[in-house]
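Trainee: I'm new to this one. Could you walk me through the terms as we look at it?

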Amino acid sequence: MCEDDLMALNEIFTETKIKLMLGELTSTQIINVLSSQAMGRLACTDGKHPYIVPVTYAYDGKFIYGQANEGTKLRILRRNPNVCFEVDMMTDMANWQCVLVFGEFEELKGEESKKARDYLFSRVFTLMTSSTIHTHEHQVTEELDDSNRVKHIMYRIKISRASGRFEKK
């Protein structure tokens, strides 16, 4: 390709370039993103290595609630309760919203744990496997069961600050 061809392509690209808007989310938009999603990413660290995992969650306007079983995530969170939580909504690469929450992990017990589990399940279980799944080409040999999605430990993230960004075409 000669230099004239490259200049012509550059002019075409410049004339048809789509304008993108980048910006920060308002507090209302941050609340809307947190409230409308059920999957986020929880990041923590043992002091040496970062650790990030996808989690299902529910946001009640004050706390982010989740559940876990014993394992690496809980070991790290019990030692260092400082966390970062990320949620995003994406239509395509030029249309997205992302929220970052910084806060503190709190393991729940007793009545607080039961209330948190009830709230989480009222928000998330509606998204679980349907009992009316079509069996065509899906050899269902057992009753569908989401019980393995119930974890033993309930926790919440006490939010200290949150921010959000967006891109819109």
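Predicted model: local features only at pLDDT ≥ 70, side-chain atom pairs only at ≥ 80, totals over all residues.

Trainee: What makes β5 a strand, and is it covered or open?

Mentor: A strand is a DSSP run of E with at least two residues, and a helix is a run of H or I with at least four, both numbered from the N terminus. β5 spans residues 63-68 and is mostly covered, with six of its six residues buried. Buried means under 20% relative accessible area, exposed over 50%, and partly exposed in between (1.4 Å probe, protein chains only). Phe63, Tyr65 and Gln67 point one way, Ile64, Gly66 and Ala68 the other.

Trainee: How do you know that β4 and β5 pair?

Mentor: Two strands pair if DSSP finds at least two bridges between them. β4 (residues 58-59) and β5 have two bridges, in the antiparallel sense, so by that definition they pair. Tyrosine 59 has isoleucine 64 as its bridge partner. β5 is also joined to β8 (residues 153-168) by six bridges, again antiparallel, and glutamine 67 stands opposite methionine 154 there.

Trainee: Why are tyrosine 57 and phenylalanine 85 called an edge-to-face pair?

Mentor: Rings of Phe, Tyr and Trp (its six-membered ring) pair if their centres lie within 6.5 Å; planes under 30 degrees apart count as stacked, over 60 as edge-to-face and the rest as tilted. Here the centres are 5.0 Å apart and the planes are at 75°, so the pair is edge-to-face. Tyrosine 57 is in the loop between β3 and β4 and phenylalanine 85 in β6, 28 residues apart.

Trainee: What makes a group of residues a nonpolar core?

Mentor: The members are buried Ala, Val, Leu, Ile, Met, Phe, Trp, Tyr and Cys residues joined through side-chain atoms within 4.5 Å. The largest one here has 25 residues, and Leu34, Leu42, Ile64 and Phe85 have the most contacts inside it. β8 gives the most to this core, with four residues.

Trainee: How do you know that arginine 156 sits over a ring?

Mentor: The rule asks for NZ of Lys or CZ of Arg within 6 Å of the ring centre and within 35 degrees of the ring normal. The charged end of arginine 156 is 4.1 Å from the centre of the phenylalanine 63 ring and sits over that ring.

Key: Residues numbered from 1 in each chain as written. Heavy atoms only, no water.
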